[in-house]
Structures are given as C-alpha cells and as structure tokens.
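Here are a few exercises to work through with the model open beside you. Try each task before you read its solution.

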Amino acid sequence: MVNYFNTLIKRLLNKPLGKIIQRQEKNSILSAMSIANLNKQKQEIIDLAEVEFSVFSQWGEDGIISWLIDKIGNVPKSFIEFGVENYFESNTRYLLFERNWRGLILDGSAKNVSDIINSQYYWKYDLQAKRQFITAENVNEIINESELDNEVGLLSIDIDGNDYWVWKAINCINPVIVVVEFNALLGDKISISVPYDPDFIRSSKHFSNLYFGGSLQAMRDLGRKKGYEFIGTNSNGVNAFFVRSDYSDCIFNALQKVAAYPSRFREGRNYRGKLTYFRGQDRSLPISECEFVDLSAAEGIMKKLRDFENLYSDNWVAGNKVIF
C-alpha cells in the first residue's frame, strides 16, 4: 500500500512538472531562435564567441553551431554525438528540437540511454540512442549500423578520454562540421594526447580527473590531416570547431579572427576526491607526472607532462585568447 501511494504521488508531481519543463524549453527555444536570426543577419563576426548562446549546450555551442549552419546553408540535416549522458545537456538537442534534424547519440551508461528512450520526445523525432562504450576499434561499425548517410551534417565528440584517437579512427563518414573537446591544460602549441587505452575512463584513470583528451594543437593537426579547417573554440575553452575544407570559404569570409580560448575551470580534485580550486597553470600540477604521447614525434614518444617544453603561448598562460 505504501508503494502504491508513493507511486501515485510521484505521478501527480511529475505530470505538472513535466509540462512546466516542456513549456520552459519551448520558451527557451523561441528566445534562441530570435538570437539566431540576429546572428544570421551579421555580415561578419569577430570570432565564434560573438554568436554563442545555450539552450541545451553547456558552453554556448548551440549558438555557434546555428551560425555555422546558417552560413553554410546546405548542410545535411543529420548528426552524430558521442558522450551525451542523459542528453539534457548536449550539442545536438537544439538541432533535434528546433531544426528537426535526425541523428545518432551514444553513451556508455545503460540508465542514461534508458532515460532517453523513455522520454516523451524520443518518439517525436528520428533519433537513435544506443548504449555503447566507444573505442577506436568499434566506432566505424557503430556508425555504419545507424544507416545514416556518408554525408553527415555534424559530428560531436566528447568522451573525456580517447577523443583524439576516436576522431582519428573515424573513416566511414564525412561530416561537414566537427566539434571535438580538447584539454586546455595541455596547452595550445604542442600536439600531445593521453595514450590510447580502449578501456579509458576519466574518473578512474587519475584521481585529479584532469588526465584526459588531447591538446588544442593535436586536434588542429588531426583536423588538417582529415581535410578540415580549424575555425576557433568557444569562449570557455572546451570545444574546438572545424569545418570541412570544401565548405570553409563561406565561414572564413564572415570570420575576422580564428580565436582559441583557454579554460578557467577549477575542476581538479585531490586524492580524497575534493575540489582543489587550483588556478591558472597550477591546475596542471596534479598531472605533471602523467605520461602523454608526443604526436609531433614520428615514433609517438611518451613523455611526462613536465618534460614537454613550450606547451603554452604567453597568451594561453595569461588566460587570454590566442589568434591563429
């Protein structure tokens, strides 16, 4: 009887709450559409930070992606996003809701994927949600199983670990826009990444939670090899944006500066799992003894972070944006 009443109470509470959330989402989307239309009318912007806004993205990516799509004009209406958690915060949900794109989203948590599949919006859109722990070995097979076209509008990679290696491995699609997370603590000048580990889990790899991903230069070099132009980062120094070279002219014609921003996050933790709140370059001290791959070396030499020289430009150290 107690369980029955608990269930009943939850249903009564969740029903109006769900409607309130939906109404808030609609209002947020309408506001964002107005901002996106204003951004679209701009003939030129200083850098990507000028067009940032967030509805579902965490750090302004919704606005940047919308601006890119509007400038390019003929982007395929499909996306793939890795590492979406419960999809509440993501780089593609705005595209799903506002532009009615179709897509594939993946996360390693069974609960997260179950929550997505059981959501009210899942049946309303052409969305595939799969539980997969993504590796360089399985990523192409997973994408091919989705039966999306080779020409994908957007690929977003945020897996907190093997981001560099997974993007490097993808060869079954040709996305027009790529958004990939980088680790700003690894600097802006040298190509380095955590070594590839198919079982990489950020939270258990190192107590600090800072040992993950690749440097900005690593992503820039990889993008160039794969036929992409680097066009900047968001202002919080989390994601790097790339456009396929055959689509890049219209972006560069409207972009004054290709700017990259360092992060100011203080998410590092001590051995007890407590936030340390280290600032500036002190944030990298906990991973100074960790090994990274020197991607600029032909042999892929492993070095401790403290042994790399000239990782940071003066602007990066000072917390200022860097112009490329």
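A salt bridge here is a side-chain nitrogen of Lys or Arg within 4 Å of a carboxyl oxygen of Asp or Glu. This is a predicted model, so local features need pLDDT of at least 70, side-chain atom pairs count only at pLDDT 80 or more, and totals for chains, interfaces and linings use all residues. Residues are numbered from 1 along each chain as its sequence is written, and side-chain values use heavy atoms, with hydrogens and water left out.

**Exercise 1. Find the salt bridge between R244 and D246, and say how exposed each partner is.**

Step 1: the two side chains meet with N and O 2.9 Å apart.
Step 2: sort the partners by relative accessible area (buried is under 20%, exposed over 50%, partly exposed in between; 1.4 Å probe, protein chains only). R244 has 10% and counts as buried, while D246 has 55% and counts as exposed.

**Exercise 2. Which parts of the chain does the R202–E267 pair tie together?**

Step 1: check the contact; the closest N and O atoms of R202 and E267 are 3.3 Å apart.
Step 2: R202 sits in helix α7 (residues 202-205) and E267 in the loop between β9 (259-260) and β10, so the pair joins parts 65 residues apart in sequence. Helices (H or I, at least four residues) and strands (E, at least two) are DSSP runs, numbered from the N terminus.
Step 3: look at accessibility. R202 is buried at 10%, and E267 is partly exposed at 30%.

**Exercise 3. Work out the strand order of the open sheet of 3 strands.**

Step 1: two strands pair if DSSP finds at least two bridges between them. β6 and β10 (residues 291-294) make 2 bridges, in the antiparallel sense.
Step 2: read off the order, β6-β10-β11, with antiparallel pairing. The edges are β6 (192-193) and β11 (301-304), each pairing on one side only.

**Exercise 4. Which residues are linked in a network of salt bridges?**

Step 1: start from the total, 17 salt bridges in the structure.
Step 2: follow the links, and you get a network of E289, K304, R306 and D307.
Step 3: K205 is partly exposed, at 36% relative accessibility.
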